[in-house]
Amino acid sequence: MFEVRFHGRGGQGAVTAAELLALAAFDEGLQAQAFPSFGSERMGAPVAAFCRIDETPIRRREPVAAPDAVVIQDPTLLHHVEVFGGLAAEGYVLINTSRSVRELGLGELLERHTHNRVLTLPAGELARARLGRPIPNAALLGALVALTGLVSLSSLERAIRERFSGSAGEANVLAARDAQLLASTRLVRGGLGVGGGG
Amino acid sequence: MAVASQLEGSLAVARTVARCRPQVICAYPITPQTHIVEALSRIVASGELAPCEFVNVESEFAAMSVAIGASATGARAYTATASQGLLYMAEALFNASGLGLPIVMTVANRAIGAPINIWNDHSDAMALRDCGWVQLYATSNQEAADMHVQAFRLAERCSLPVMVCMDGFVLTHAVEPVELPEQEPVDAYLPPFRPRQVLDPEDPVTMGALVGPEAYTEVRYLAHAKQGEALDEIPVLATDFAARFGRASGGLIETYRCEGADTVIVALGSVFGTLQELVDERRAQGARLGALAIKSFRPFPVGELRAALSSTRGVIVLERAFSVGVGGIVTGDVRAALAGVDVDTATVIAGLGGRAITRSSLHAMLDRHEQGALQPVHFLDLDIDLVERELARHRDGERGGPHAENILRELGIVAAGPV
């Protein structure tokens, strides 16, 4: 089982991100479960959403306590919420920011975590270029595809188009592709984006 | 064979209800039921269900009143609610069951205020435990969808209203694979509604006649007798459903690895999946643990429970609501079913107001149970120190202030201010 925890703020679409990932996994013939945290629904309040992916039916219904990956939609949450709680050394970290991991003051994450598993990426900026709004979801999922290989980019694109029709769907697909490409480049360059770049 | 789709639980239920061809849907939105009735209103507006009428009512009391009126004129009626909405219906709920009207209602289970809380537990449905409705509890979104098809047939077969309870948020807002029951087998399984009584100007009858002491007991006993019929009917309907749709859903109870179990955890609703994983983990360590889901809480399956639990030594009833001043609600019925059987019964209250029921907390609880150190009524993950400090503030008639705000302030959720 692969478990992903999304951290965002109300209105950023953390729940939609979890659902899109589940939809993409389902599209690949996998079992998937997505659900929101049962916290405040106010705009701007910290929210979490969860996605589990497995080859067999998923039975557990508790929040993800020991994620295989965490996706942080808003770097201001780093100081308010225990976003890395339960994350193992082999776990993946993806943060929406134009700054590097070290610039965020998270250099120790790089020491602790397996090589090439921590990535920052300006997903909000990539989204703004394609959507006109800094909704980072699709871009972060594109980057997550590059980081983990959890699902294919084409499954993700199908999920995005299924959820968002017309131009909104196409713009989100482009944002996901941009992010997938940028993330792949950064990962190949062996930690430029990971460590000092961005 | 139906194909699964990756769907939100609410949407799966809405689409399934639509395939049951309701003729009147009346509802008032309330979290976490809203997505269900929103989806149904769109389906009705599309014309797909014509001549079904969607009635936007001004309250839950009106929702149930419209359902009663619609059902009494021979229409297949559906509504959905949760929490305070269910309480607001209370008087009409007793009328619907007392009149024997086969209304089907989804309850997206949610806590009851005060303190106000929008998240899941079973306080709402348990508060209306005795209103005369059949109460079914779904363990998954697949089962929630399937149970609605069975609920309409059960309701109309026994002329009784049926509540399908599904955990708010945990199920209603979870996106997971669901095979929607297809239209053709639903039509074959669920024949058109043939009411046992109809308000018809051509053939006038009185529904809801005043009944005095000379006959009240007999009319009330009829309600009890009909729930007894439902107890026989539910397994038959589940078997027929499995034969037509190719999957097991519903029924009175479901057991998981109870054979040779020393201890069985009994629960209602969506926690059953988590319990199955817990059972596997404990069994891998050598413990002889099983789990049992009660799918039909009203009528209560006394015989099935007795048969399933008679050879076990301990029963832990995991409850998502409690009776203040007593403890468990389901526990009382389980104990009655096991009268004369040598079984230790404990109550664990868990998951109140949306608190997650985690395997880690359940493991810790089971460790205490194995050591014989579990309280007869145990509150999972209760912060007793927090409670003690609040009690201390109110000792000796002190003006301690409102409990909820005090507790939130201690937790740092409400900013500290003048006390």
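Which residue of chain B forms a salt bridge with A:Arg61? The partner is B:Glu176, and the closest N and O atoms of the two are 3.0 Å apart. Before I go on, please keep in mind that this is a predicted model.

That salt bridge is one of four that the rule finds across the interface of chain B and chain A. The interface also holds eight residue pairs in polar contact, with both residues at pLDDT 80 or more. As for which parts of chain B take part, strand E1 (4–8), strand E8 (175–179) and helix H10 (271–284) each supply at least two residues of the side that touches chain A. The most comes from H10(B), with five residues.

Now the contact as a whole. Chain B puts in 28 residues, and chain A puts in 20 residues. About 2000 Å² is buried between the two chains, and carbon and sulfur atoms give 51% of that area. Three residues, B:Gln6, B:Val175 and B:Glu277, supply 27% of what chain B buries against chain A, which is more than any other three residues.

Next, the rings. How many aromatic pairs does a search of the whole structure find? Over all chains, there are nine. I will show two.

One of them is A:Phe35 with A:Phe50, with 5.1 Å from centre to centre and 40° between the planes, and this pair is tilted. A:Phe35 belongs to strand E2 (residues 31–36) of chain A and A:Phe50 to strand E3 (residues 46–54) of chain A, so the pair ties together parts that are 15 residues apart in sequence. Are these two residues buried or exposed? Both A:Phe35 and A:Phe50 are buried.

The other is in chain B. The ring centres of B:Tyr137 and B:Phe297 are 6.3 Å apart and the planes stand at 85°; the pair is edge-to-face because angles over 60 degrees count as such. B:Tyr137 is in strand E6 (residues 134–137) of chain B and B:Phe297 in strand E12 (residues 296–298) of chain B, so this pair ties together parts 160 residues apart in sequence. Both B:Tyr137 and B:Phe297 are buried. Together with B:Phe300, they form one aromatic cluster.

Last, charges over rings. The charged end of B:Arg298 sits over the ring of B:Phe297, 4.3 Å from the ring centre. Elsewhere on my list, B:Arg153 has its charged end over the ring of B:Tyr189, 4.4 Å from the centre.

That is all I have.

Notes
Residues numbered from 1 in each chain as written. Chains lettered and ligands numbered in written order. Predicted model: local features only at pLDDT ≥ 70, side-chain atom pairs only at ≥ 80, totals over all residues. Heavy atoms only, no water. Phe/Tyr/Trp six-rings, centres within 6.5 Å; stacked < 30°, edge-to-face > 60°. Helix = DSSP H or I, 4+ residues; strand = E, 2+ residues; numbered from the N terminus. Buried < 20%, exposed > 50% of the residue type's maximum accessible area, 1.4 Å probe, protein only. Lys NZ or Arg CZ within 6 Å of the ring centre and 35° of its normal. Contact = heavy atoms within 4.5 Å. Buried area = accessible area lost by both parts, 1.4 Å probe. Salt bridge = Lys/Arg side-chain N within 4 Å of Asp/Glu carboxyl O. Polar contact = N/O pair within 3.5 Å; in protein donor to acceptor, adjacent residues only side chain to side chain.
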